[in-house]
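Subject: Structure handover

Hello,

Here is the structure I promised to pass on. Please open it beside this email and follow along as you read.

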Amino acid sequence: MNILLTGGAGYIGSHVVFSLLDNGHKVTVIDNLSTGHKKILPKKINFFDCNINEKYKIKEILQSSNFDILMHFAGFIKVEESVSNPKKYFENNTDNAISLFETCLENNLNNIIFSSTAAVYGNPKENKPISENELLKPLNPYGESKMRTENYLLKNKKKINSIILRYFNVAGADNQLRTGLLSDAATHLIKIISEVAVGKRKKICIYGNDYTTTDGTAIRDYIHVSDLADIHVKTSEYLLQNRESNIFNCGYGRGYSVLDVINKANNITNGKIKFEISNRRPGDAEKLVSDVEKINKHLKWKPKYNNLKTIIHSSINWEKKIYEENL
Ligand SMILES: NC(=O)c1ccc[n+]([C@@H]2O[C@H](COP(=O)([O-])OP(=O)(O)OC[C@H]3O[C@@H](n4cnc5c(N)ncnc54)[C@H](O)[C@@H]3O)[C@@H](O)[C@H]2O)c1
């Protein structure tokens, strides 16, 4: 397959680039490096330093090759920042995405895989895994900006074959440590734990211990980034075979509380992970666990790294590499 991939210099996109290359596919990356890093990308790809809203440049890229699929990862991802600056999120995650999709359509590329998020679900009331049919009620502008982009794709089903992938909490790093999460202002729990593990931070802050969960801390479904990358390879094959739109949750269907994750990390690090309790953050949901029946059935996908210890281990190993090699 010949894949055009936006946001490839970011955390998830770069893992997908490696997975696609490992599976013998051709990859072209578009990234403006606003939060991404070119140094985590392999040399044997075409790379364009370009904003997805630069219609003329995108048109030239689209006309330079016969792409089978657009994978759209580029976007901003910080929930808290989206609450303080919603405009930034609607502009990049919705308006720029739609501009990109329209340029693709004008240039005959109508197979799209879109990186969406469990944040579109908001805070579902029923205490059960969330299926793709759940009513969407995002709690923050980040989730809302992604929902609006999903709505554009769904409204244009006749013209666009799209697969919307709703990622739950993505964590971990490539097991060969070719790439991982590089961020100066990390907001991901397992990344922050890893920074504490290598001594880059003193402690971790738990935002809220008064949720109605067993230990009071919020519950999430953590998926290893390499399994998520594999989902993208499988989704591409599925999309080209079926040429019809669909929506899949991407998670393992199992929830861990913040304290569960810290306890597991403390087992691995012999108690290095100190923490303190702080107030809840605006826009945070209490519990997000995916129902994975649909993705398992349609993609016949089987996870390889479905183990919290493996996920935390790989993340700490990557953090050590960043520290030792000053990445
Ligand atoms: N990380 C998670 O846990 C998670 C969970 C759910 C959904 N997602 C979604 O997955 C996607 C990738 O997330 P990530 O964690 O890899 O984020 P990231 O910030 O590491 O990567 C995003 C990449 O997009 C690029 N980019 C942003 N705006 C751009 C623009 N206008 N033009 C060109 N490039 C642009 C950035 O430079 C960066 O390389 C995002 O769309 C995000 O909403 C991530």
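N108 is exposed, because 10 other C-beta atoms lie within 10 Å and a residue with 12 or fewer counts as exposed. Keep in mind that this is a predicted model. N108 sits in the loop between α4 and β5. Its phi is near 65 degrees, which is a positive value in a residue other than glycine.

N270 can be looked at next. This residue also has a positive phi, of about 55 degrees, although it is not a glycine. You will find N270 in the loop between α8 and β13 (275-278). N270 is exposed, with 7 other C-beta atoms within 10 Å.

Now go to D260, in helix α8. D260 is partly exposed, with 18 other C-beta atoms within 10 Å. Look across to T217 from there. D260 and T217 are 43 residues apart along the chain. Their C-alpha atoms are separated by 9.0 Å.

Helix α6

How many of the nine residues of helix α6 (residues 189-197) are buried? Nine of the nine are, so the helix is largely enclosed by the rest of the structure. The buried residues are L189, I190, K191, I192, I193, S194, E195, V196 and A197. Notice that K191 and E195 are on that list.

What covers them? The cover includes the strands β7 (169-171), β8 (204-207) and β10 (222-224). It also includes the helices α8 (258-269) and α10 (308-325). Just after α6 comes G199, with a positive phi of about 90 degrees.

Two helix pairs

Two packed helices are described by the angle between their axes and the distance between the axes.

Take α6 and α10. Their axes come within 9 Å and cross at roughly 55 degrees. The two helices are therefore oblique to each other. α6 passes α10 in a right-handed crossing. On the α6 side, the contact is made by I190, K191, I193, S194, E195 and A197. On the α10 side, I311, I312, S315, I316 and E319 take part. By class, the residues of this contact divide into six nonpolar, two polar and three charged.

Then take helix α2 (residues 55-63) and α4. Here the axes come within 10 Å and cross at roughly 40 degrees. That makes α2 oblique to α4. The crossing of α2 and α4 is right-handed. From α2, the contact uses K55, I58, K59 and L62. From α4, it uses S99, L100, T103 and C104. The contact of α2 with α4 has four nonpolar, two polar and two charged residues.

Around the ligand

Which residues come nearest to the ligand? Of the 27 residues around it, they are G7, G10, G36, A74 and G75. Several elements give two or more residues to this shell: α1 (11-22), β2 (26-31), α4 (86-106), β5 (111-117) and β7. The largest share, three residues, comes from α1. By class, the shell has eleven nonpolar, 15 polar and one charged residues.

Best wishes

Notes: Residues are numbered from 1 along each chain as its sequence is written. This is a predicted model: local features need pLDDT of at least 70, side-chain atom pairs count only at pLDDT 80 or more; totals for chains, interfaces and linings use all residues. A residue is buried if 20 or more other C-beta atoms lie within 10 Å of its own, exposed if 12 or fewer, and partly exposed in between; C-beta atoms are placed from the backbone. Helices (H or I, at least four residues) and strands (E, at least two) are DSSP runs, numbered from the N terminus. Two residues are in contact if their C-beta atoms, placed from the backbone, lie within 7 Å. A residue is near a molecule or strand if its C-beta atom, placed from the backbone, lies within 6 Å of it. Ala, Val, Leu, Ile, Met, Phe, Trp, Tyr, Cys and Pro count as nonpolar, Asp, Glu, Lys and Arg as charged, and the others, Gly among them, as polar. Axes are lines fitted to C-alpha atoms, for helices over the stretch in contact, and angles run from 0 to 180 degrees between N-to-C directions. Angles under 35 degrees count as roughly parallel, over 145 as roughly antiparallel, 65 to 115 as roughly perpendicular and the rest as oblique. A crossing is left-handed if the near helix is turned anticlockwise from the far one by less than a right angle, and right-handed if clockwise.
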